[in-house]
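Student: I would like to learn how to read a model like this one. Could we go through it feature by feature?

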Amino acid sequence: MSLKVKVPVAWFGPGALVHHATVVCDGGRVTYAGPSAAAPPADDFLEVDGFLMPGVVDRHVHIRLADPGAVLLGGVTAVRDLAWVPDEIFELASASELPTFTGPVIRAAGAMLTAPGGYPTASSWAPPGTGRELAGPEDAAAAVAELTDQGAAAIKVSLNGEAGPTPSDAELAAIVQAAHERALPVTAHVQGNGQAERALGAGMDEFAHTPWTERLSDLLLASAARTMRIVSTLDILSFGDVTPELRTACDNLVRFRAAGGTVVYGTDLGNGAIPAGIHLREALLLNEAVRMTPEEVLTAMTAGPLAVDGPADLIVLGSDPLMRLEALGDLRVVVRAGRVVSG
């Protein structure tokens, strides 16, 4: 069944604000996105007095520690899970592709690659199997191959020097080479002095959190900005307060952006009191503390423009977040794979 959604204004992506807009979905894909006057007919019709935009993507979650249904009803239509027991999380990721699944589409990294006894193997939040302990460069490459075969969307590496041992530089090189041979990005949890520099030197593609344990040099951030991106996860450093860790992270992120780096939205859902769905405070921190414009924040929160042949995942807000980001807290409609799930 096709669906037509008509609104007074829609933001389809950067620079694409359309008044009197309509989106038509069929078979879980967008078949039309543009002015209402030119929209084709559809089986079902929904007219909403609000602001339409692509569904929000959270690029750092631990979805087994949250309620997938609440995540979707809160406006997040896709997530990336960055560390869980492989058998469990890849099964859930496969289920999320089905039309009967009540939750966001899930992409997953599987187990976090770490040193024997390294983070997160002794962490209370992580069940056995969440960390994959490595026994040398050959085993590191084999671990990447195993995760790839299971359906990994990324490879996550633990460089948490504050919580225990970390993989060797030779193991890091093997991980990156094996992952890139399989067209998979490598994301790093960096915590402790020197760990961000190690991730950069190994050729990793992303920091899974904004680094917060040390003030990174301008030279390091400029180098990282050329080849890496950063997942925000700012509010886990403060949970609504202002802390030294948050100040350090925001300073690093401001200078990373000034060097041309790309920032994407992520919350580390499952870690403490982070709400399911759109996390307004994370968006406001990006705007107010990191100095991103509202449109830059929305761009960081979405996977790409809402366009023909793209996934039919969208939300409608009660007002315009380009004027006030607080509008992200006034959710009216959620559409996932062309199906209205809220509204």
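Student: Which strand do 2 bridges join to E1, and in which sense do they run, parallel or antiparallel?

Tutor: Strand E5 (residues 51-54) is joined to E1 by 2 bridges, and they run parallel. Strands (E, at least two residues) and helices (H or I, at least four) are DSSP runs, numbered from the N terminus. Two strands pair if DSSP finds at least two bridges between them. Before going on, note that this is a predicted model: local features need pLDDT of at least 70, side-chain atom pairs count only at pLDDT 80 or more, and totals for chains, interfaces and linings use all residues. Residues are numbered from 1 along each chain as its sequence is written, and side-chain values use heavy atoms, with hydrogens and water left out.

Student: What is the bridge partner of Ala-10 in E5?

Tutor: Leu-52 is the partner there. Ala-10 also stands opposite Val-18 in E2.

Student: How do E1 and E2 pair?

Tutor: E1 and strand E2 (residues 16-26) are antiparallel, with 9 bridges. Their hairpin has 2 residues between the strands, and Gly-15 there takes a positive phi near 75 degrees.

Student: Which way do E1 and E4 run?

Tutor: E1 and strand E4 (residues 44-47) run parallel, joined by 4 bridges. Val-5 faces Leu-46 of E4.

Student: Why is E1 described as largely enclosed by the rest of the structure?

Tutor: Strand E1 (residues 3-13) is largely enclosed because 9 of its 11 residues are buried. Buried means under 20% relative accessible area, exposed over 50%, and partly exposed in between (1.4 Å probe, protein chains only). For the side chains of a strand, keep one general idea in mind. In a regular strand they alternate between the two faces of the sheet.

Student: Now the backbone. Where is the cis peptide bond?

Tutor: It joins Tyr-119 and Pro-120, with omega at about 10 degrees. Pro-120 sits in the loop between strand E9 (112-114) and strand E10 (131-133).

Student: How do I read a pocket?

Tutor: Rolling a probe the size of a water molecule over the atoms shows where empty space is left. On a 1 Å grid over the protein atoms alone, a pocket is an open set of points where a 1.4 Å probe fits, with protein on both sides within 12 Å along at least five of seven lines; lining residues have an atom within 4 Å of a point. A volume is the space filled by probe spheres set on the points. Here the largest pocket holds about 670 Å³.

Student: What lines the largest pocket?

Tutor: There are 36 lining residues, and Ala-78, Val-105, Arg-107, Pro-311 and Asp-313 lie nearest the centre. E7 gives the most to this lining, with 4 residues.

Student: And what of the second largest pocket?

Tutor: The second largest pocket has about 250 Å³. Its lining has 18 residues, with Tyr-119, Trp-125, His-189, Asp-268 and Asn-271 nearest the centre. Strand E11 (155-160) and strand E12 (186-191) each supply at least two lining residues.
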